[in-house]
Amino acid sequence: MTWADLLFLLPEIVLSIGGCLLLLAPVIGGRNNGVAAKWSMLLLLVATAAAIYVAAGAGIPSLALGTLFVADPFAVFFKLLFVVVIAMITLLSAEFLEDGRYSAWEYYSLMAFALCGMMFMASGTHLISIYVGLELLSLASYILAGYYKNETRSTEAAMKYFVLGATSSGILLYGMSLIYGACGSLHLEAISQAVATMAGNQALIIGVMLLGAGLCFKVAAVPFHVWTPDVYTGAPTPVTAFLSTASKVAAFAIFARIFYMGLHSLEPDWNSIIATVAALSMIVGNLAAVTQTNVKRMLAYSSIAHAGYALLGVLAMSEIGLQGVLIYMLVYAFANIGTWAMVMLLRRREYAGENVDDFDGLHKSAPLYAFAMVVFLLSLGGIPPTAGFIGKYYLFAAAISAGYAWLAVIAVLMSAVSMFYYFRLVVAMYLKDGAAADVIPSRQVRFIVIVCLIATLTLGILPERMIRGAARSIAPIVNLASR
Amino acid sequence: MTDPLMLTGVSLALFVIVGAIAVASSILVVSMRNPVHSALFLLLTFLCVAILFVSMGAEFVGAVQVLVYAGGIMVLFLFVVMLINVKALPKEKVFTATSMMGVLMGVLLFIILAIILASGTWAPAVNAPENLRTAVVVKTTPVVDAGGATIQTETVTRDVVGNAEAVGMALYRDYLVPFEVASLFLLVAMVGAIVIGKRELDASEEEAIPEFIAKKVSDEDRLKEVTGA
């Protein structure tokens with residue numbers, strides 16, 4: 001370790017120290033002061049964003065560190081996205097922490113450690129460093145999911161998530177150990193060199209399958225999705241927003257990096273498995289969402305379907321596919337956080353605001369927010385003026401050019417199904433009358449809705465910068481894969 | 001038998017016997033209804049795993065396994081069992097149709113994995129037992145002259161003497177940062193346990209003096225009153 005190495009790890013160091021300081025802060029004053037905790041967290045996020053820029057400009061790290069982590073544009077893209085997403089979730093969380101029933105400092109501290117884990121995931125190029133980052137994120141997520149500790153549903157969610165998550169981590173680790181046994185290394189570049197000559201090695205394929213099963217659990221793809229509806233429904237809504245965006249985006253970052261950097265030459269062996277998982281996720285996720293009357297549950301199933309769409313980009317193994325994953329994660333994060341913010345805006349007690357009926361007549365009482373909700377739903381469905389269209393366009397195009405036309409057809413059909421259940425909300429807001437739709441007077445939640453609305457429309461109408469940014473970010477990985 | 005890791009003769013017999021005991025006792029850990037029995041079978045599992053580590057040439061990891069798991073973690077388990085005072089869990093039907101399906105799937109998966117893994121080809125072992133003891137450490141020290149300038153660097157090469165050193169090298173040099181992340185992981189676990197375990201935040205309740213202290217004070221006051229009077 002040298003000083004240059006410390007500079008290289010600056011964002012992670014800032015976050016770990018900041019997370020510890022958040023734990024110590026209530027000793028100094030303002031025990032359980034939600035407002036102070038919120039501003040401290042935002043300050044920490046600003047410092048982290050600055051540290052990301054410093055680290056991206058730092059020199060090449062020493063050999064021991066360089067095999068574990070990189071600070072390539074791919075990692076920087078995801079790290080900046082994580083910081084923005086966590087900042088939005090911080091503002092969303094403030095609402096339920098400020099009434100003082102749940103300790104705010106510990107909440108934000110756990111959030112900071114989870115972010116630290118996601119940073120390690122985004123920059124890890126070694127299965128060990130990826131795994132420890134993933135575990136840090138997972139453990140913090142289990143606790144956050146159970147943060148309403150007096151609500152049975154929240155505790156149940158945390159327990160289910162913990163038991164299934166720990167099992168999937170074990171499967172992931174077993175897969176990694178088999179890959180290590182076959183390749184003799186856990187470094188992605190070394191794995192990529194080793195597997196180039198071992199197509200058809202049964203043990204290696206089992207290892208890749210188990211690794212893939214673990215990763216599919218983390219991104220909530222069918223058939224590893226069973227936990228998703230219960231956990232997303234039971235967890236506090238800001239935590240659900242965190243699980244369905246930040247946690248999922250981080251899992252896709254490592255999914256893409258492991259498969260593009262490490263296992264690309266093994267593609268003929270795993271593509272049919274990932275194709276099946278993607279198809280099942282799109283079909284099961286969307287069809288199950290149709291029958292739901294609870295908005296949180298419906299969005300949980302829809303997030304399973306979104307994992308299926310994004311898997312098309314991993315499956316395509318092409319430049320446009322990886323670009324599609326990055327773009328889709330960006331637009332999905334904004335549209336999804338916007339939707340969760342709308343669910344929170346209708347909240348009256350811990351869990352209200354989550355039935356489709358609660359949206360009845362929102363158009364009359366709050367036309368701007370009803371419009372915002374329509375934009376988010378259109379973006380999730382992939383309809384043109386919104387950003388979601390660009391993401392889906394790239395993913396579907398990648399699938400077709402890689403020879404998966406049948407998957408693209410399923411994807412388009414299932415997007416149409418998704419528009420059906422998204423429009424049940426639109427019908428409720430515009431065509432029904434209801435007294436239920438009183439919007440809570442929270443400036444922070446409203447602010448997030450507006451930010452997500454502007455981002456979703458801007459990225460949809462003027463996507464050039466986003467597309468160029470994504471193209472720049474994938475360059476190092478695509479060069480590596482084509483070598 | 002060209003594979004250096006392929007077990008033969010006594011070591012194979014040792015592996016099979018100890019491995020079988022480890023698997024059997026770990027099944028008993030989850031199927032025992034008395035928590036103390038479960039904990040003791042867990043101890044047996046830990047010890048068997050330690051023996052397997054030693055038989056693979058990883059004496060240090062085996063010793064740590066005994067010290068940390070069989071020693072420390074086990075005591076904590078028994079403490080918890082003692083503190084919450086569970087005699088035995090209520091009887092319940094273990095072999096339901098669902099759990100039998102689970103057992104069947106598990107056995108099938110085991111057979112499939114065993115067949116496939118036996119036919120796989122593996123990378124040459126980088127950490128064969130003999131490698132662990134002969135890894136070469138290159139140590140470079142600058143030799144400084146009287147004026148303080150570096151005149152040359154002296155390179156010392158020596159063999160690692162035991163596998164504690166090999167583990168140390170891996171943990172504190174090659175994988176230093178993941179090791180530190182593991183410590184963050186433990187911190188998060190601790191914070192989580194406290195967040196979940198502590199009482200609901202209620203300022204008035206926490207500032208109030210617990211009843212038994214208040215009662216004791218009043219008793220003492222009364223005693224003083226009586227004796228003083």
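**Rings and core**

Modeller: B:Y172 is partly exposed, at 49% relative accessibility; buried means under 20% relative accessible area, exposed over 50%, and partly exposed in between (1.4 Å probe, protein chains only). This is a predicted model, in which local features need pLDDT of at least 70, side-chain atom pairs count only at pLDDT 80 or more, and totals for chains, interfaces and linings use all residues. Residues are numbered from 1 along each chain as its sequence is written, chains are lettered from A and ligands numbered from 1 in the order in which they are written, and side-chain values use heavy atoms, with hydrogens and water left out.

Colleague: How many aromatic pairs are there over all chains?
Modeller: The count is 24. Rings of Phe, Tyr and Trp (its six-membered ring) pair if their centres lie within 6.5 Å; planes under 30 degrees apart count as stacked, over 60 as edge-to-face and the rest as tilted.

Colleague: Why is the pair A:Y309 and A:Y328 edge-to-face?
Modeller: Their planes are at 80°, with the ring centres 6.4 Å apart, so the pair is edge-to-face.

Colleague: Is A:Y309 buried or exposed?
Modeller: A:Y309 is buried, at 1% relative accessibility, and A:Y328 is buried at 3%.

Colleague: Changing topic, which residues touch the most other members of the largest nonpolar core?
Modeller: A:F78, A:F242, A:F255, A:F259 and A:F359, in a core of 205 residues. Such a core is a set of buried Ala, Val, Leu, Ile, Met, Phe, Trp, Tyr and Cys residues joined through side-chain atoms within 4.5 Å.
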